[in-house]
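The exercises below are to be worked with the sequence and the coordinates at hand. Each task is followed by a solution in steps.

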Amino acid sequence: MSHRDRREQSRRRRRGRWKRSAYVLIVLAVAGATAWLVVPGFLPAPRPAGADVVEVEGTMSGFTTKVIRAKAGRPLTVRLTSLDTRFHTDGGGKHQFAIDGLGVNIIAPPQGSREATFTPPAPGVYEYYCDVCCGGRANPTMQGKLIVEA
Ligand SMILES: [Cu+2]
């Protein structure tokens, strides 16, 4: 093999190595960007400091909390837990906590919890309800009142 051939060969080898590391870099960049985009979707939204937290449990016999008191303009976190299993034929063990006027819609999976933080803007009484199980919204046990004070 001539000197020239050898030089050519090592140049080609170097180019191959560069291509491979570029490929690895691109794969890492894409994986990183994907993780950055996808992972936050699975994490709960950060709770603002100082939010009041209220726990609400949903079962086939209704909400455990029928009245919630809150302050207007102060963030409120509602953490909804479904105590039912997925074997419930009506609703599959899910429960909901919805307030139409405030755009709140939490759906807890069977034997799981979900939460949302919102700020009631003005004093008043807001009805909350579950519409995914046992008679849905019309079921009086799956309703409650959020009383917002000034
Ligand atoms: Cu329910």
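**Exercise 1. A strand pair**

Which residue in β6 does Gln96 stand opposite? Describe the pairing around this position and the turn that joins the two strands.

Solution. The model is a predicted one. Gln96 stands opposite Ile107 in β6. A second pair in these strands is His95, which stands opposite Ala108 in β6. Next, take the strands as a whole: β5 covers residues 95-99 and runs antiparallel to β6, with 5 bridges joining them. Last, look at the turn: the hairpin of β5 and β6 has 4 residues between the strands, and Gly103 takes a positive phi near 65° there.

**Exercise 2. The overall layout**

How many helices and strands are in the chain, and in what pattern do they follow each other?

Solution. Counting gives 1 helix and 9 strands. The chain has 150 residues, of which 19% count as buried. For contacts with a separation of 6 or more, 65% are between residues 24 or more positions apart.

**Exercise 3. The open sheet**

In what order do the 4 strands of the open sheet stand, and which strands are at its edges?

Solution. The order is β2-β1-β4-β7, with mixed pairing. β2 (62-63) and β7 (113-118) each have a single partner strand, so one side of each is left without a neighbour in the sheet. These two are therefore the edge strands. Now take the pair at the β7 end: β4, residues 76-82, pairs with β7 in the antiparallel sense over 6 bridges. Within it, Arg79 stands opposite Glu115 in β7.

**Exercise 4. The nonpolar core**

Which residues of the largest nonpolar core touch the most other members, and which strand gives the most to this core?

Solution. The largest nonpolar core has 17 residues, and Val78, Leu80 and Phe97 touch the most other members. At least two residues of this core come from each of β3 (67-71), β4, β6 (104-108) and β9 (143-149). β4 gives the most, with 3 residues. As background, nonpolar side chains tend to be buried together in soluble globular proteins.

**Exercise 5. Buried or exposed?**

Does Gly58 count as buried or exposed, and which does Gln111 count as?

Solution. Start with Gly58, which is in strand β1 (residues 52-59). The cut-off for buried is 20 or more other C-beta atoms within 10 Å. Gly58 has 28 C-beta neighbours inside 10 Å, so Gly58 counts as buried. Not counting residues up to four places away in sequence, Gly58 touches Phe63, Leu80, Ser82, Leu83, His95, Ala108 and Cys130. The C-alpha atoms of Gly58 and Lys94 are separated by 8.4 Å, although these residues are 36 residues apart along the chain.

Now turn to Gln111, in the loop between β6 and β7. The cut-off for exposed is 12 or fewer. Gln111 has 12 C-beta neighbours inside 10 Å and therefore counts as exposed. Its backbone deserves a note too: Gln111 is not a glycine, yet has a positive phi of about 50°. Most residues other than glycine have a negative phi.

Definitions and conventions:
Residues numbered from 1 in each chain as written. Predicted model: local features only at pLDDT ≥ 70, side-chain atom pairs only at ≥ 80, totals over all residues. Pairing = 2+ DSSP bridges. Core = buried A, V, L, I, M, F, W, Y, C linked by C-beta atoms within 7 Å. Contact = placed C-beta atoms within 7 Å.
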